[in-house]
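Here are some notes to read alongside the model. Please keep the sequence and the 3D view open while you go through them.

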Amino acid sequence: MGRVVTVDRGRYTVHIGDEDGTRDITAMRAKELRRNPVVTGDLVGVVGDLSGREGSLARIVRIEDRSTVLRRSADDSDAYERVVVANVDILVIMVAAANPEPRTGFIDRALVAAYDAGIEPILCITKTDLRDPADLLSHYRHLDLEVLTSGAAEPARTGDAESAKMDGTDGPDGDADLDAGLLATLRTRLEGHISVLVGPSGVGKSTLLNALAGTRRATGHVNAVTGRGRHTSSSALAIPLPDSSGTDGTDGTDGSWLVDTPGIRSFGLGLVDRDRVVEAFEDLAPALADCPRGCLHAAGEPGCALDAWVAAGHAGASGPERLASLRRLLDGRSDAAAGER
């Protein structure tokens, strides 16, 4: 039994452990599994050459039932499932306070996907030295959402800090440097869990993975013109994390894992039922009880209780913005949902 740590053109790297220790092996799917997709995070049964030597090839003959599936579609009208990762229990949503600009729409979509999958979300905001994240945080004040923040790491010289702020980067490699406090908190918080990082490029995902796991995942700059990060990770990669004693706590399947993902610029929700989308907005969800059956929850929808709920202040000061964000998520689903009435 092992855990799939990455997938590359029909070859699967699987982390296994036995009496000879832990190691990564290369495997292919058995013929009988050709119609069964295998993704990063999957627990699989393997047979054949398990030595891990160069040129060796094992076979995946069994895929264990998945405890969770973090999935997305290309857009909100697409019904084709794209699995991001399997068997994780924490989703770390990473955004920057600035450079690149944070998008509440992306955060909201990730929160919906986490809710739909039964995965606990954590919002991590980096580069808070470039901008106060208060406005962003106000959008989620009424949620039971764990939020962690990080400014830049302490620079060696004052001049380094000034030049970093001028070009919008926090470190010599152009990715977000993360302060020691955040790293210590996450190291403790993620121990014993299988976690996945999602977020746009340039916010520090690979930097975080490098710091926590001691790897050398490529990092990259944010484009000064577009404000978008350059994708430096080409495939989802699961890395075992050291435990509190500093040793690799995995035996092939157990222990702490952290999955880095390619920069995701879209998080389509075409596979998520619209009522479940509303339920993921926990500050708005109680109003569902007063909505008529088949309500599309759109602006001007007859009998929709969301407007009255927000007007009464039940969703707090950010209620109108939250409702507007929810309806933006639902707008792309209107035609499909109307056909379900």
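This is a predicted model: local features need pLDDT of at least 70, side-chain atom pairs count only at pLDDT 80 or more; totals for chains, interfaces and linings use all residues.

1. Start with the largest pocket, which holds about 470 Å³ of space. It is lined by 18 residues, and those closest to its centre are Val-39, Arg-82, Val-83, Val-84 and Ala-236.

2. Strand S7 (residues 82-86) gives the largest share of that lining, three residues. Sorted by class, the lining of the largest pocket has eleven nonpolar, three polar and four charged residues.

3. The second largest pocket holds about 250 Å³ of space. Its lining has 17 residues, and Leu-111, Pro-121, Asp-144, Ala-280 and Glu-282 lie nearest the centre. Helix H1 (104-117), strand S9 (120-126) and helix H6 (274-280) are the elements that give two or more residues to this lining.

4. Which element gives the largest share of the lining of the second largest pocket? It is H1, with five residues. By class, the lining of the second largest pocket has ten nonpolar, no polar and seven charged residues.

5. The count of aromatic pairs comes to one. Phe-106 and Phe-267 form this pair, with 6.1 Å from centre to centre and 70° between the planes. An angle over 60 degrees counts as edge-to-face, so the pair is edge-to-face. Phe-106 is in helix H1, while Phe-267 is in the loop between strand S13 (257-260) and H6, so the pair links distant parts of the chain, 161 residues apart.

Note on methods:
Residues are numbered from 1 along each chain as its sequence is written. Side-chain values use heavy atoms; hydrogens and water are left out. On a 1 Å grid over the protein atoms alone, a cavity is a set of points where a 1.4 Å probe fits but cannot get out, and a pocket is an open set with protein on both sides within 12 Å along at least five of seven lines; lining residues have an atom within 4 Å of a point. Grid points are joined across faces, edges and corners, and a volume is the space filled by probe spheres set on the points. Helices (H or I, at least four residues) and strands (E, at least two) are DSSP runs, numbered from the N terminus. Ala, Val, Leu, Ile, Met, Phe, Trp, Tyr, Cys and Pro count as nonpolar, Asp, Glu, Lys and Arg as charged, and the others, Gly among them, as polar. Rings of Phe, Tyr and Trp (its six-membered ring) pair if their centres lie within 6.5 Å; planes under 30 degrees apart count as stacked, over 60 as edge-to-face and the rest as tilted.
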